[in-house]
Amino acid sequence: MFTATLDTSVLWPSLQRDFLLSLAVEGAYRPTWSSVNLDELEFHEEAKLVKRGIPVTEAAGRAATLIAAMRREFADAEVEGWEPLEGTFGLPDPDDEHVVAAAVIAGAGAIVTENLKDFPAGRIPPGIQVLSAKEFAKNTVVLNPRHALAAVQEIASRSGRYGAVLTVEEILDTLRDRYDMIEAVEMMVEAASA
């Protein structure tokens with residue numbers, strides 16, 4: 001199964017994270033990340049919720065619950081043993097070294113990030129692509145648009161817990177309009193009408 005290492009930048013936006021992880025649940029790929037990614041995600045998720053007016057204690061609890069759920073649902077995703085490789089890639093931002101180190105240890109074929117400039121091709125080991133979330137979504141959805149659509153249907157069925165209930169169409173619209181996943185959404189819409 002194809003393995004992809006997900007950077008915090010693609011895990012922080014809630015619906016995008018839900019979509020990417022739901023694709024993994026559908027068996028489209030195996031996600032991986034480092035412990036640093038989860039620490040960063042927990043910090044940023046809490047800050048995002050506080051900014052939305054959620055009390056600090058509740059925001060911290062919800063962020064911790066998210067990380068616990070990710071660890072539980074993707075028990076093999078957190079890469080161990082990456083630390084000796086950190087600092088060996090010469091990335092522009094040394095704080096991103098853990099992502100490449102985790103990808104190498106995990107045997108990942110891709111690093112999925114929105115910070116493409118921080119992962120220059122000449123610094124990435126052979127066999128690892130650096131892709132934006134929209135490019136990764138397109139490459140993943142094309143393999144089985146029906147499974148991708150099932151992932152979106154599952155997101156819709158879970159919606160409403162911490163916000164509005166979302167329809168499949170609303171989720172697809174958001175993936176297209178907010179996250180620029182135009183090609184991935186077009187393939188899912190086509191699969192829905194077939």
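Buried means under 20% relative accessible area, exposed means over 50%, and partly exposed lies in between (1.4 Å probe, protein chains only). This is a predicted model, where local features need pLDDT of at least 70, side-chain atom pairs count only at pLDDT 80 or more, and totals for chains, interfaces and linings use all residues. Residues are numbered from 1 along each chain as its sequence is written, and side-chain values use heavy atoms, with hydrogens and water left out.

Select Glu58 and Arg62. They form a salt bridge (a Lys or Arg side-chain nitrogen within 4 Å of an Asp or Glu carboxyl oxygen), with the closest N and O atoms 3.4 Å apart. The two are four residues apart in helix H4, separated by about one helical turn. Glu58 is partly exposed at 39% relative accessibility. Arg62 is buried at 17%.

Next, select Arg158 and Asp18. Their salt bridge has its closest N and O atoms 2.3 Å apart. Arg158 lies in helix H7 (residues 145–158) and Asp18 in helix H2 (residues 14–25), so the pair ties together parts 140 residues apart in sequence. Arg158 is partly exposed, at 39%. Asp18 is partly exposed too, at 25%.

Move to Glu135 and Lys138. This salt bridge has its closest N and O atoms 3.3 Å apart. Both residues sit in helix H6 (residues 133–141), three residues apart. Now pick Arg17, Glu45 and Lys48: salt bridges with shared partners join them into one network. The count of salt bridges comes to 13.

Finish at Glu80, in the loop between helix H4 (56–73) and helix H5 (97–106). Glu80 is exposed, at 67% relative accessibility.
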